[in-house]
Amino acid sequence: RRLGELPGVKRVGFISKLPLTGSGALSPYAFDEATARNWESVTADGRQASSEYFAAMNTRLLAGRAFTWDDAVDKPPVIIIDETLARQAWPGRSAVGRQLQLGPTGDPNNMAEVVGVVEHERLHDLTRAVRPLIFYPMGQQLPPVVDVVLETGLAPQSLAGAATSLVHEMDK
């Protein structure tokens, strides 16, 4: 809230690891019998994201919805996937409302509902897409460290000092 009150800030989002800052957690997944039998044969880059992350990054929502803070620990697991994973798992069909397996077969609570599909973000390299993406809501899976994304109409360097000071006030 306090970051959003800085002059010129339009949106504030949070992500477990910013694009182009190195590898994050790998997320194995399964979408059919073959991938479920060969658990960990397919992996995506996994990130925890806040409800405003996609809007703050101008990442287009292609289908479904973005996260809300109602996507909480006590609610059924939900995810947002990128268009690459959607095409791989359900070519020519909508991914929204489908279940993706996120844990080994037989594990309890190993499924999550796809609530949204976003355009692919290049996390590792601007010249090529490396892996599909799975985003988890921060309300259900809070990372130990978060990166802050600010959308602003001002030059970013004009806000950097104030934003950094504010974050350090809250958590040195």
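Visitor: Is Tyr 53 buried or exposed, and what is its relative accessible area?

Guide: The model is predicted, so local features need pLDDT of at least 70 and side-chain atom pairs count only at pLDDT 80 or more, while totals for chains, interfaces and linings use all residues. Residues are numbered from 1 along each chain as its sequence is written, and side-chain values use heavy atoms, with hydrogens and water left out. Buried means under 20% relative accessible area, exposed over 50%, and partly exposed in between (1.4 Å probe, protein chains only). Tyr 53 is therefore buried, its relative accessible area being 0%.

Visitor: Which residues form one aromatic cluster?

Guide: Rings of Phe, Tyr and Trp (its six-membered ring) pair if their centres lie within 6.5 Å; planes under 30 degrees apart count as stacked, over 60 as edge-to-face and the rest as tilted. The whole structure holds five aromatic pairs. One of them, between Tyr 53 and Phe 54, is edge-to-face, at 5.4 Å centre to centre and 75° between the planes. The cluster consists of Tyr 53, Phe 54, Phe 67 and Phe 135.

Visitor: How many residues apart are Phe 54 and Phe 135, whose pair links distant parts of the chain?

Guide: Phe 54 and Phe 135 form an edge-to-face pair, 4.9 Å centre to centre with 85° between the planes. Helices (H or I, at least four residues) and strands (E, at least two) are DSSP runs, numbered from the N terminus. Phe 54 belongs to helix H2 (residues 53–56) and Phe 135 to strand S8 (residues 133–137), a separation of 81 residues.

Visitor: Why is S8 described as largely enclosed, and how many of its residues are buried?

Guide: Leu 133, Phe 135 and Pro 137 point one way from S8, and Ile 134 and Tyr 136 the other way. Phe 135, for example, has a relative accessibility of 1%. S8 is largely enclosed by the rest of the structure because its buried residues number five of the five.

Visitor: Which backbone nitrogen does the side chain of Asp 82 reach?

Guide: Asp 82 lies in strand S5 and is buried, with a relative accessible area of 0%. At 3.0 Å, its side chain reaches the backbone nitrogen of Leu 85.

How values were computed: A polar contact is a pair of N or O atoms within 3.5 Å; within protein, one must be able to donate a hydrogen and the other to accept it, and residues adjacent in sequence count only if both atoms are side-chain atoms.
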